Amino acid sequence: MTTGLRERKKAATRQSLHDAAVLLAAEHGVESLTVEAIADAATVSRRTFSNYFASKEQALLHHDRARTVRLVELIRARPARESLMAAVIGAAEQHSTEFAADPEQEERYRTLRLHPALLSELVATYAAAERDLAVAVEERLPAGPDTPLRAQILAATLLAAFRVVGQTALERRERDVVDLLRRALAITREGFR
């Protein structure tokens, strides 16, 4: 999918704000971080910041939100004939190549994302992702009276696996995230027997 110049500029501004927020929070702490400081570091106005993020917490956690949104897009883009599991693994493989991280940025982000001040925004990020993922999952399930409930449960389970795998990969600095996801999904299947 090709994006226009305007969309690329908006994405670059959003990324610049996120990068500035992460760098400043790593240097000075999350508590002392201000929206004004983020806007200044990204060389944009306070108003421009507000066009992209509602809070400094959103700016700091943009990476999580972007990753989850992209994952749902990739699952939706998989061929309709694929099983849900094949679509998830295929999307995860593509996702892991798209989000190859800068090690220095990853290190700063690792320590920040679980800061207590960010937990409510992190929960909101994953709640939004779970709703979107449930819709994508439901599209792949046969219609029936329990389909919406099944889609919600599967989406919550998948998102929990993605979240744990992502955190484990950050903490252990594991590079083969797809293998880790396969193992996590196998544990999920076996755990309910």
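Reply: Start with the layout. This is a predicted model. The C-alpha centres of domain 1 and domain 2 are 24 Å apart.

Me: Which residues belong to domain 1 and which to domain 2?

Reply: The domain assignment of the protein chain puts 1-53 in domain 1 and 57-191 in domain 2.

Me: How many residues of each domain are in contact?

Reply: Domain 1 contributes 14 residues, and these are in contact with 12 residues of domain 2.

Me: How do I read the size of an interface?

Reply: The accessible area lost when the parts come together is often quoted for this. Here, about 1200 Å² is buried between domain 1 and domain 2. Carbon and sulfur atoms give 73% of that area.

Me: Which element gives the largest share of the domain 1 side?

Reply: Helix α1, residues 5-28, does. Nine residues of the side touching domain 2 come from this helix.

Me: What residue classes make up that side of domain 1?

Reply: Nine are nonpolar, two are polar and three are charged.

Me: Now the specific pairings. How many salt bridges and how many polar contacts cross the interface?

Reply: The rule finds zero salt bridges between domain 1 and domain 2. For polar contact, it finds three residue pairs across the interface, both residues at pLDDT 80 or more.

Me: What does the UniProt record place at residues 34-53?

Reply: The record, an unreviewed entry, places the feature "DNA-binding region" there. As for its fold, residues 34-53 are 70% helix and 0% strand. The end C-alpha atoms of this span lie 13 Å apart.

Technical notes
Residues are numbered from 1 along each chain as its sequence is written. This is a predicted model: local features need pLDDT of at least 70, side-chain atom pairs count only at pLDDT 80 or more; totals for chains, interfaces and linings use all residues. Side-chain values use heavy atoms; hydrogens and water are left out. Domain bounds come from an automatic or database domain assignment. Contact means heavy atoms within 4.5 Å. Buried area is the accessible area (1.4 Å probe) that two parts lose on being put together, summed over both. A salt bridge is a side-chain nitrogen of Lys or Arg within 4 Å of a carboxyl oxygen of Asp or Glu. A polar contact is a pair of N or O atoms within 3.5 Å; within protein, one must be able to donate a hydrogen and the other to accept it, and residues adjacent in sequence count only if both atoms are side-chain atoms. Helices (H or I, at least four residues) and strands (E, at least two) are DSSP runs, numbered from the N terminus. Ala, Val, Leu, Ile, Met, Phe, Trp, Tyr, Cys and Pro count as nonpolar, Asp, Glu, Lys and Arg as charged, and the others, Gly among them, as polar. UniProt positions are given in the numbering used here, feature names are shortened, and annotations may be inferred rather than shown by experiment.
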